[in-house]
Amino acid sequence: MTYTTDLVTDERAFAELGPEWAGLYRRCEAATPFQSHAWLHSWWLSYGRPGRLRLVLVRHEGELVAAAPLMRVGRPVPSLVPLGGAISDYGDVLLDDACDEEAVAALTGGLARAARTALVDFREVRPGGAAERIYDHWSGPRRRVGDSVCLELPAVPMDELVARLPSTKAQQRVRAKLRKLAALGVERHVVRPDEVDSALRRLIELHQLQWQGRKVTSEHLRPRFCDHLVRSVGPMVRSGDAVVTEFRLDDDVVAVDLTLLSRRLAGGYLYGAHPRLRERKADVAVMLLDACAEHTREAGPGTLSLLRGNEPYKHHWRPEPVLNQRLLLARKRTAPLLGAVVCDVAARRRGKELLLRWEERRERAGGGRS
């Protein structure tokens with residue numbers, strides 16, 4: 001087979017790739033919603049920098065069979081990194097499931113040429129991601145290190161999720177909370193594509209309200225993030241890669257949830273909930289998980305991901321921790337960059353461990369004085 005490799009740096013050309021990118025996305029089982037064209041192109045419009053776009057594309061007889069959506073950055077070292085940035089829970093490349101090793105070699109070679117004097121730094125690759133095939137094929141210096149933890153549940157009905165809880169009492173508490181939601185009259189409404197824009201703006205408003213006076217991810221409150229969501233999610237809802245749900249109480253929208261869907265997994269990405277829900281003793285986490293379980297039952301993916309974050313409330317459901325990977329690829333002349341990044345990762349990990357130990361000692365000391 002003959003494969004051709006191109007490097008696209010033009011923003012307009014990126015926009016025009018939408019239809020064939022969507023076809024490749026459907027043929028890559030490992031892809032997550034964060035590799036869809038709607039998400040990535042919208043992200044670029046909100047966060048991209050002119051001159052930094054690097055799309056490595058592989059075609060066979062004119063058909064797009066592989067793509068690596070990247071951008072060049074200068075800090076902390078010159079690198080090619082996945083589009084999607086910190087607001088995307090998974091990064092990866094796209095490879096047609098029917099691709100042979102020659103196609104993988106073509107994408108790997110294109111990446112090496114595009115990198116030139118930069119490191120290739122794939123962040124947040126889910127185990128089993130397509131980028132692992134690139135890593136396995138890479139002939140130069142390479143390293144695999146851990147990245148963020150994602151917590152995962154099986155994509156099963158809510159009754160089965162409740163049955164996973166460790167005790168009969170815990171199961172009874174959750175069932176009581178579900179009955180409470182029903183008694184309050186909380187109703188779910190799956191948003192139509194033509195309603196998505198207004199629903200997402202309401203989501204952001206509620207998200208800001210629920211976190212008022214508390215520490216919140218500041219990026220979620222910035223106009224560029226809202227613009228990105230509004231731009232990307234509408235097309236994703238139409239293509240079946242996202243679902244937006246409104247929760248109504250007394251005819252008022254009191255919560256909005258955005259769940260992202262792909263062939264292998266579904267994940268609740270962001271929600272906003274009015275404080276009056278908690279005032280009326282509604283358990284918002286149970287409400288959202290119940291809705292997400294329903295979406296996964298209908299869509300059929302095998303995994304319900306709680307996405308990044310190790311928050312205590314997530315562990316209530318006994319999820320499996322899954323460690324994302326960071327795949328670092330260098331050439332001989334960029335090997336020192338790889339070494340610098342690996343040392344930085346180790347230093348940061350050690351710093352977090354020391355900070356955790358210090359906080360634990362402080363808590364024990366405080367407990368002893370009380």
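Modeller: Strands first: two of them pair if DSSP finds at least two bridges between them. Strands themselves (E, at least two residues) and helices (H or I, at least four) are DSSP runs, numbered from the N terminus. Before we look, this is a predicted model, where local features need pLDDT of at least 70 and side-chain atom pairs count only at pLDDT 80 or more, while totals for chains, interfaces and linings use all residues. Residues are numbered from 1 along each chain as its sequence is written, and side-chain values use heavy atoms, with hydrogens and water left out.

Colleague: OK, how many bridges join strand 3 and strand 4?

Modeller: Four, and the pairing of strand 3 with strand 4 (residues 79-82) is antiparallel. Five residues sit between the two strands, which form a hairpin.

Colleague: And which peptide bond is cis?

Modeller: The one from Arg75 to Pro76, with omega near -5°. Pro76 belongs to the loop between strand 3 and strand 4.

Colleague: On the other hairpin, how many residues lie between strand 2 and strand 3?

Modeller: Two, and Glu61 in that turn has a positive phi of about 50°. Strand 2 and strand 3 run antiparallel to each other over eight bridges, with Arg59 facing Leu64 of strand 3. Strand 3 also pairs with strand 5, again in the antiparallel sense, over two bridges. There, Ala66 has Leu95 as its bridge partner.

Colleague: Now a helix. Which residues of helix 2 are buried?

Modeller: Here's the general idea: an α-helix has 3.6 residues a turn, so residues three or four places apart point the same way. In helix 2 (residues 18-26), the buried ones are Gly18, Trp21, Leu24 and Tyr25. They are on the same side of helix 2 because they cover an arc of only 125° around the axis. That arc is taken from the directions that run from the helix axis to the C-beta atoms.

Colleague: What covers the buried residues of helix 2?

Modeller: The cover includes helix 1 (11-16), helix 3 (37-47), strand 2 (53-60), strand 3 (63-73), strand 5 (94-95) and strand 10 (252-261).

Colleague: How do I read a core, and which residues have the most contacts inside the largest one?

Modeller: A nonpolar core is a set of buried Ala, Val, Leu, Ile, Met, Phe, Trp, Tyr and Cys residues joined through side-chain atoms within 4.5 Å. The largest one here has 80 residues, and Phe122, Leu229, Val244 and Tyr269 have the most contacts inside it. Apart from that one lies another core of 30 residues, among them Val156, Val162, Val186 and Met287.

Colleague: What does Tyr269 touch?

Modeller: Contact means heavy atoms within 4.5 Å. Not counting residues up to four places away in sequence, Tyr269 touches residues including Phe34, Trp39, Ile87, Asp89 and Phe225. Phe225 also turns up beside His220, whose contacts, leaving aside neighbours within four places in sequence, are Ile204, His207, Phe225 and Leu270. His220 lies in the loop between helix 8 (196-210) and helix 9 (223-239), yet it counts as buried at 15% relative accessibility.

Colleague: Last one: where is Asp251 found, and is Asp251 buried or exposed?

Modeller: Asp251 is in the loop between strand 9 (242-249) and strand 10, and at 75% relative accessibility it counts as exposed. Its phi is positive, about 70°, although Asp251 is not a glycine. Arg318 isn't a glycine either, and has a positive phi of about 55°. You'll find Arg318 in the loop between helix 12 (312-315) and strand 13 (320-329), partly exposed at 46%.

Terms used
Buried < 20%, exposed > 50% of the residue type's maximum accessible area, 1.4 Å probe, protein only.
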